[in-house]
Amino acid sequence: MKYSNILIAAIFSIFLASCSSNPVNHDDDLLRFANSNCFFWYFKSKDLNTDEIKKITAGIVEKSSLSADKFQQVAFLVKDYKPAIETKSDVDVQLAKCFTLVDDSAFNEELDKIRSL
């Protein structure tokens, strides 16, 4: 239990650091949702508690003027997203993709399709 709390704290620290270092359009609710949803899928795959991430993603949906259907489509896009990235041998690709989707042109093209619906 103590190890999982340390792991969660470390992941959130990495997440916060990545948010502060990457230029993110804070008006882009779908991209912010995609980023937090990516961490949700990662935590879920590791059987970690997802309650706080659910609150974050729900808050993004709640504050947005976009339809819930678009967010659902983004959630499935993120879940199925498989970037062409190389990682060090000890890096989990499921986690690494959360740091690449913002800058991935293929991912953003698919996100643009959802935006235009």
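Biologist: What makes the contact between the side chains of Arg115 and Asp28 a salt bridge?

Modeller: The rule asks for a side-chain nitrogen of Lys or Arg within 4 Å of a carboxyl oxygen of Asp or Glu. For Arg115 and Asp28 the N to O distance is 2.4 Å, so the pair qualifies under that 4 Å limit. Please keep in mind that this is a predicted model, in which local features need pLDDT of at least 70 and side-chain atom pairs count only at pLDDT 80 or more, while totals for chains, interfaces and linings use all residues. Residues are numbered from 1 along each chain as its sequence is written, and side-chain values use heavy atoms, with hydrogens and water left out.

Biologist: Which parts of the chain does the pair of Arg115 and Asp28 tie together?

Modeller: Arg115 belongs to helix H6 (residues 105-116), and Asp28 to the loop between helix H1 (2-21) and helix H2 (29-45), so parts 87 residues apart in sequence are tied together. The helices here are DSSP runs of H or I with at least four residues (strands are E runs of at least two), numbered from the N terminus.

Biologist: How do you know whether Asp28 is buried or exposed?

Modeller: By relative accessible area: under 20% is buried, over 50% exposed and in between partly exposed, with a 1.4 Å probe and protein chains only. Asp28 has 14%, so it is buried. Arg115 has 29%, so that residue is partly exposed.

Biologist: What joins Asp28, Asp112 and Arg115 into one network?

Modeller: Arg115 also forms a salt bridge with Asp112, where the closest N and O atoms are 2.3 Å apart. Salt bridges that share partners therefore link Asp28, Asp112 and Arg115. Arg115 and Asp112 sit three residues apart in helix H6, about one helical turn, and Asp112 is partly exposed at 41%.

Biologist: How many salt bridges does the structure hold?

Modeller: Six. Another of them joins Lys55 and Glu52, at 3.3 Å from N to O. Both residues lie in helix H3 (residues 51-63), three residues apart, or about one turn. Lys55 has 55% relative accessibility, so it counts as exposed, whereas Glu52, with 47%, is partly exposed.

Biologist: Now for the cysteines. Why is the disulfide of Cys38 and Cys98 called left-handed?

Modeller: A disulfide needs two cysteine sulfur atoms within 2.5 Å, and the S to S distance from Cys38 to Cys98 is 2.2 Å. The torsion about their S-S bond is about -90°, so the disulfide is left-handed. Cys38 is in helix H2 and Cys98 in the loop between H5 and H6, so this pair connects parts 60 residues apart in sequence. Both cysteines are buried, and the count comes to one disulfide.

Biologist: What makes the rings of Phe39 and Phe99 an edge-to-face pair?

Modeller: Rings of Phe, Tyr and Trp (its six-membered ring) pair if their centres lie within 6.5 Å; planes under 30 degrees apart are stacked, over 60 edge-to-face, and the rest tilted. By this rule there are five aromatic pairs. Phe39 and Phe99 have ring centres 5.5 Å apart and planes at 80°, so they are edge-to-face. Phe39 lies in helix H2 and Phe99 in the loop between helix H5 (93-96) and H6, so this pair too ties parts 60 residues apart in sequence. Phe39, at 4% relative accessibility, counts as buried, while Phe99, at 27%, counts as partly exposed. Tyr42 and Phe43 make another such pair, with centres 6.1 Å apart and planes at 75°, so they are edge-to-face as well; both are buried.

Biologist: Which residues have the most contacts inside the largest nonpolar core?

Modeller: Val74, Val78, Leu101, Phe107 and Leu111, in a core of 26 residues. Such a core is a set of buried Ala, Val, Leu, Ile, Met, Phe, Trp, Tyr and Cys residues joined through side-chain atoms within 4.5 Å. H2, H3, helix H4 (68-80) and H6 each supply at least two of its residues, and H2 gives the largest share, ten. Beyond four places in sequence, Val74 is in contact (heavy atoms within 4.5 Å) with Leu30, Phe33, Ala34, Leu111 and Ile114.

Biologist: Where does pLDDT stay under 50?

Modeller: Over residues 20-26, for which the model has four contacts beyond four places in sequence. pLDDT is the predictor's confidence in each residue, from 0 to 100; the chain averages 83, and 77% of the residues score at least 70.
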